[in-house]
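Q: Could we go through the pockets of this model together? I would like to know what lines them.

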Amino acid sequence: MPVSRGTVPAGLKGFDTMMRTFMRERSIGGAQLAVARKGKILMVRSYGTYTTGADGKQQAVVEPTSLFRIASLSKHVTAAAIMRLVQEGRLSLSAPVTTLLGLSASADARLKQVTVLRLMQHLGGWDLGVSKDPLWIDHAIASSLGVALPIGHAQIMRYMTARRLDFTPGSKMVYSNYGYLLLGRIIEKVSGMSYESYVKQKLFAPVRITRMRIGKSLKSQAAPTEVDYHSRYTAKSVVDASGAVVPYPYGGFNLPNYDSTGGWLASAVDVVKFDMIFDKAGPVLNGTSINRLLAVPETGTTSSGSWYGGGWWVRKSGSGFNTWHSGSIPGTFSFAGRTSAGVSYCAIFNRREEEGTPDFDVIDPLLYDAAAAVTTWPTADLTSKFF
């Protein structure tokens, strides 16, 4: 059994048992879980160990406040930042990305139809089933533009703006990392600050979150207390022009380029604390902003009754909503959910599903069922211990 930190309150042992089984079945070395209900943080638990030090030979225990890459859980952070700018009267959801970022529509006039709202709801016109995700083709972009690695946001945008869209904006929903990369650049352009600085100042500071930050690509650049990441795969480095083959989580992709689409580091307890801003009006978002962020898009709902709001999948449940999202990059898998009963949770792992491993997405129903099985919720609030 992995070493663990943090207590398991009476009544919540089902969460702990589920996490241990999930990790054992998938040979996961490090993980965290945080559970909250109706504004109170009730359980914060960490599992396993990780390697640290320049030679990677020292062992450290995963603590409840250790940092993990959270991948696409970053998207509802970005969506909240967009809504904060709208709330401040500095941005309109109907504003076209071409105007905001000065992008040419000469390659495809339909680019003028890509609005801020359509970017948030993945309606922008990019289809991963047709064209490759530009966040994963650094070598091809560098070669196409005749520039050296590493490439940055500007080069990715230059490459994509010169290509035709895959579908008419607003006609269907297809998940797009590039759309959220553009939202990050809009936040910078409108605020006059770096994306990271704006989020820290306007979103995190009001709710006393201080640990979260944008991650770096290499293990030598790891933040203090950041865990290590595991993958069986290697890749050709994209963070320099050496052509070296590297462990996929360390240089196989350029994490700072993912900032607004998947670049944040956090502890599970940080995510749960941040996600409380969507529960009700508060110091970050007012009620109107929350409702607009979770609203049904112009394309309507899926056959299962769900839809993609701003950085969250959403489904009506009784008089409220269930919202959820997962994150996955080589070496990381994360999941966060909020139920209409007021329960929220986040689980993060330092390994993701790869060929031959059991399914990781089942963490969604496992967490939901663990919450549904609780008969008596604890009342002790752990918030002051972590914030």
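**Pocket linings**

A: In this predicted model, the lining of the second largest pocket comprises 10 nonpolar, eight polar and three charged residues.

Q: And what volume does the second largest pocket have?

A: The volume of the second largest pocket is about 400 Å³.

Q: Which residues are closest to its centre?

A: Tyr175, His325, Ser326, Gly327 and Ser328 are the closest to the centre of the second largest pocket, out of 21 lining residues.

Q: Which elements give two or more residues to that lining?

A: They are helix 9 (259-262), strand 12, strand 13 (332-338) and helix 12 (363-372). Strand 12 gives the most to the lining of the second largest pocket, namely six residues.

Q: How many residues line it, and which lie nearest its centre?

A: The lining of the largest pocket consists of 30 residues, and Met276, Phe278, Asp279, Lys280 and Arg338 lie nearest the centre.

Q: Which elements give two or more residues there?

A: For the largest pocket, these are strand 2 (30-37), helix 11 (287-293), strand 12 (320-329) and strand 14 (343-349).

Q: Where does the largest share of that lining come from?

A: Strand 12 provides the largest share of the lining of the largest pocket, with three residues.

Q: How do the residues of that lining divide by class?

A: The lining of the largest pocket has 14 nonpolar, nine polar and seven charged residues.

Technical notes
Residues are numbered from 1 along each chain as its sequence is written. This is a predicted model: local features need pLDDT of at least 70, side-chain atom pairs count only at pLDDT 80 or more; totals for chains, interfaces and linings use all residues. Side-chain values use heavy atoms; hydrogens and water are left out. On a 1 Å grid over the protein atoms alone, a cavity is a set of points where a 1.4 Å probe fits but cannot get out, and a pocket is an open set with protein on both sides within 12 Å along at least five of seven lines; lining residues have an atom within 4 Å of a point. Helices (H or I, at least four residues) and strands (E, at least two) are DSSP runs, numbered from the N terminus. Ala, Val, Leu, Ile, Met, Phe, Trp, Tyr, Cys and Pro count as nonpolar, Asp, Glu, Lys and Arg as charged, and the others, Gly among them, as polar. Grid points are joined across faces, edges and corners, and a volume is the space filled by probe spheres set on the points.
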